[in-house]
Amino acid sequence: MIKINSHDGPARLGKYGEELTPILLDYKQVTKIENIATPFKIQKEIAEEYMEKSLKLAQLEDNKNKIAVIQGAQYSDLRVKCAKELEKMGYTTLMFANTDELQRNPEDLLKIIIETRENINPTTALYFPFATTQIIPILSYIGIDIFDNSRAIYEAKNNNLMTNTNIYPFNYNITENLEEENIKQLQFTIKEVQENMKNKTLRNLTEQKATTHPELMTLHRLLDKNHMNYLLKYTQLY
């Protein structure tokens, strides 16, 4: 559960436990409930069947402080249904499944996250694992509260350097510990987002990032084109 102190657009600056949001978790320490892993591109009937099985497993879990998983594949209505049912069971931190695929499908990513955010309790925290550094500002802007270090570790194992603007094959002699450097870049990105949220300039940061990465520019344009009412709902008028 998140205690919201202020908004910067839809972004939520607040506290998750004792940590300032958005926060960065060590994925090795994350405890989530059992669920049925579901492919992203799958027939809706099968996706719904797997989602219902995941909800049954969630109902059996006694510890509602664990992180629950929002299943539903590519279907935003199933994701919303799953999230609302998990809330009714008492879960207050919800994790999106299929985040790697979502990052490759910007229209689905925006639709699923925004529709979920609009249909659940404002104090419910949303967790997006395996995010790249460059996408974190815009994910925070649309309402994600929690990230983790799994992508930084994955890229290090594949000998890739992850900066706060891109991912590069590691051929720069700047560090002896690639995993440590990637996590530092990730930590800097989170801190940068927090500071911009405090100053009400997160939108400026997301626009700046969009100019450095074609996929982020696509994401930004789709956000403004398809979800302007959502943005205006939370945007302060000066």
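Lys 15 has Leu 20 of strand S3 as its bridge partner. This is a predicted model, where local features need pLDDT of at least 70, side-chain atom pairs count only at pLDDT 80 or more, and totals for chains, interfaces and linings use all residues. Residues are numbered from 1 along each chain as its sequence is written, and side-chain values use heavy atoms, without hydrogens and water.

Strand S2 (residues 11-16) pairs with S3 in the antiparallel sense over two bridges. Two strands pair if DSSP finds at least two bridges between them. Strands are DSSP runs (E, at least two residues), and helices are runs of H or I (at least four), numbered from the N terminus. The open sheet has three strands in the order S1-S2-S3, with antiparallel pairing. Strands S1 (2-8) and S3 (19-20) are at the edges, each with a single partner strand, so one side of each has no neighbour in the sheet.

Now the helices. The axes of H4 (residues 106-119) and H9 (residues 214-226) come within 9 Å and cross at roughly 50°. H4 and H9 are therefore oblique to each other. Contact means heavy atoms within 4.5 Å. H4 contributes Pro 106, Glu 107, Leu 109, Leu 110 and Ile 114, while H9 contributes Thr 218, Leu 219, Leu 222, Leu 223 and Asn 226.

His 227 sits in the loop between H9 and helix H10 (228-234). His 227 is buried, at 14% relative accessible area; buried means under 20% (1.4 Å probe, protein chains only). Not counting residues up to four places away in sequence, His 227 touches Leu 110, Lys 111, Ile 114 and Leu 222.

Note on methods. Axes fitted to C-alpha atoms, helices over the stretch in contact; angles between N-to-C directions. Parallel < 35°, antiparallel > 145°, perpendicular 65-115°, else oblique. Buried < 20%, exposed > 50% of the residue type's maximum accessible area, 1.4 Å probe, protein only.
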